[in-house]
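This report describes the strand pairing, helix packing and salt bridges of one protein model. The sequence and structure come first, and the description follows.

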Amino acid sequence: METHHVPVLLNESLDYLIKNESGFYFDGTLGFGGHSSEILKRLDNNGKIVSTDVDDAAFGYCKKRFKGENRICLYKFNFSLIDVIAKIESVEFFDGVVADLGVSSFQVDNPQAGFSYSADSPLDMRMDKDLKITAADIVNGFDEEKIAGIIYEYGEERKSRQIARKIIDYRRKNKIKTSGQLKNLITEITPERFRVKTFSRVFQALRISVNDELENLKQFLNNTVNVLKPGGRLVLISYHSLEDRIVKEFFNYEKLSCVCPKDSPVCTCNKKSRLKIITKKPVVPTDTEIKNNKRARSAKLRAAERT
């Protein structure tokens, strides 16, 4: 399973992350252990890492992979609960936090997960199988306006209303159970040259909605700052504009020491700067990395330091 997912911007992310070889680190997206295993290689015997993932396959694999390694502790928690994990571990602050926000190649390639339009599979898209709502539940149960809103907001697809209308028309006769059915109905109303991008946007939108990805990311960022040691680093790798925008705006807000109106004569907001941005521009993969791993092409890395 290790070969199913190649860590993106691996060396770059760890170079930004690790300042203390004896520190306590948090990997919010364990996956198949790519980043976590490399972090361990850079830590001494006193260093420790807590890693978490909600995917059953990834979590089960890593329990076996790291068996006997006492410097790592695994949790099947959503990364937004970093503050809860810190309390369980009786740690006040982490020395560094990293999260690779992309869907793993294993998840994309697994036909039973329903993440991809390249195979006809059950329309599921849950990273955490304990979640109740699947993508099939959305397309078969939500009203037209809500479906259009999801596709527009999370997929940035301009023809969201037309696609939602087509979904409603189709499901009156047939329940939409598979990714193939959804792909076919989109094909009927989309010119050939736009189909691949439209498929990607619609499937992305449903996946984000099912897993509540953007809200979890916002909660994770807010909670992380509260449990990050002064001088500790926060490193995020995002893969689409919605994620990157949230990270960028959060960093820019947290670096400010005042948010009072510009015409205010005296600061009354009492805001404190909590982050110093380390990456003025996002770090992107080299041409060589993209050549070796095409799924790295949209990755952007941003890093900040707790003040």
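Gly96 has Arg233 in S5 as its bridge partner. A second pair is formed by Asp100 and Ile237, the latter again in S5. Strand S4 (residues 94-100) and S5 run parallel and are joined by six bridges. Two strands are taken as paired if DSSP finds at least two bridges between them. Strands (E, at least two residues) and helices (H or I, at least four) are DSSP runs, numbered from the N terminus. This is a predicted model, in which local features need pLDDT of at least 70 and side-chain atom pairs count only at pLDDT 80 or more, while totals for chains, interfaces and linings use all residues. Residues are numbered from 1 along each chain as its sequence is written, and side-chain values use heavy atoms, with hydrogens and water left out.

S4 also pairs with strand S1 (residues 24-27), in the parallel sense and over three bridges; here Asp27 stands opposite Val98 of S4. Seven of the seven residues of S4 are buried, so the strand is largely enclosed by the rest of the structure. Buried means under 20% relative accessible area, exposed means over 50%, and partly exposed lies in between (1.4 Å probe, protein chains only). Strand S5 (residues 228-238) is mostly covered, with eight of its eleven residues buried. S5 pairs with strand S7 (residues 300-306) in the antiparallel sense over six bridges, and Leu236 has Arg302 in S7 as its bridge partner.

## Sheet and flanking helices

What is the order of the strands in the open sheet? The seven strands follow the order S3-S2-S1-S4-S5-S7-S6, and the pairing is mixed. S3 and strand S6 (275-277) stand at the edges with a single partner strand each, so one side of each has no neighbour in the sheet. From one strand to the next, the twist averages 20°.

Helix H1 (residues 10-17) packs on the sheet and touches S1, S4, S5 and S7; its direction makes about 165° with that of S5. Helix H11 (residues 213-226) also packs on the sheet, touching S1, S4, S5, S6 and S7, and its direction makes about 160° with that of S5. Axes are lines fitted to C-alpha atoms, for helices over the stretch in contact, and angles run from 0 to 180 degrees between N-to-C directions.

## Crossing of H7 and H10

The axes of helix H7 (residues 144-155) and helix H10 (residues 195-211) come within 8 Å and cross at roughly 100°. H7 and H10 are therefore roughly perpendicular to each other, a term used for angles of 65 to 115 degrees, with those under 35 counted as roughly parallel, those over 145 as roughly antiparallel and the rest as oblique.

On the H7 side, the residues in contact (heavy atoms within 4.5 Å) are Ile150, Ile151, Tyr154 and Gly155, which meet Arg201, Val202, Gln204, Ala205, Leu206, Ile208 and Ser209 in H10. By class, the contact of H7 with H10 has seven nonpolar, three polar and one charged residues. Ala, Val, Leu, Ile, Met, Phe, Trp, Tyr, Cys and Pro count as nonpolar, Asp, Glu, Lys and Arg as charged, and the others, Gly among them, as polar.

## Salt bridges

The structure holds 22 salt bridges, each defined by a side-chain nitrogen of Lys or Arg within 4 Å of a carboxyl oxygen of Asp or Glu. One of them links Glu89 and Lys48, with the closest N and O atoms 3.1 Å apart. Glu89 lies in the loop between helix H4 (82-88) and S4, and Lys48 in strand S2 (residues 48-52), so the pair ties together parts that are 41 residues apart in sequence. Glu89 is buried at 17% relative accessible area, whereas Lys48 is partly exposed at 26%.

Lys76 takes part in a salt bridge with Asp128 (3.7 Å, N to O). Asp128 lies in the loop between helix H5 (105-109) and helix H6 (135-141), and Lys76 in the loop between strand S3 (72-75) and H4, so the pair ties together parts that are 52 residues apart in sequence. Asp128 is buried at 17% relative accessibility, and Lys76 is partly exposed at 28%. The side chains of Lys76 and Asp130 also meet in a salt bridge (3.8 Å, N to O). Asp130 counts as exposed, at 62% relative accessibility. Elsewhere, salt bridges that share partners join Lys19, Arg233, Lys276 and Glu305 into one network.
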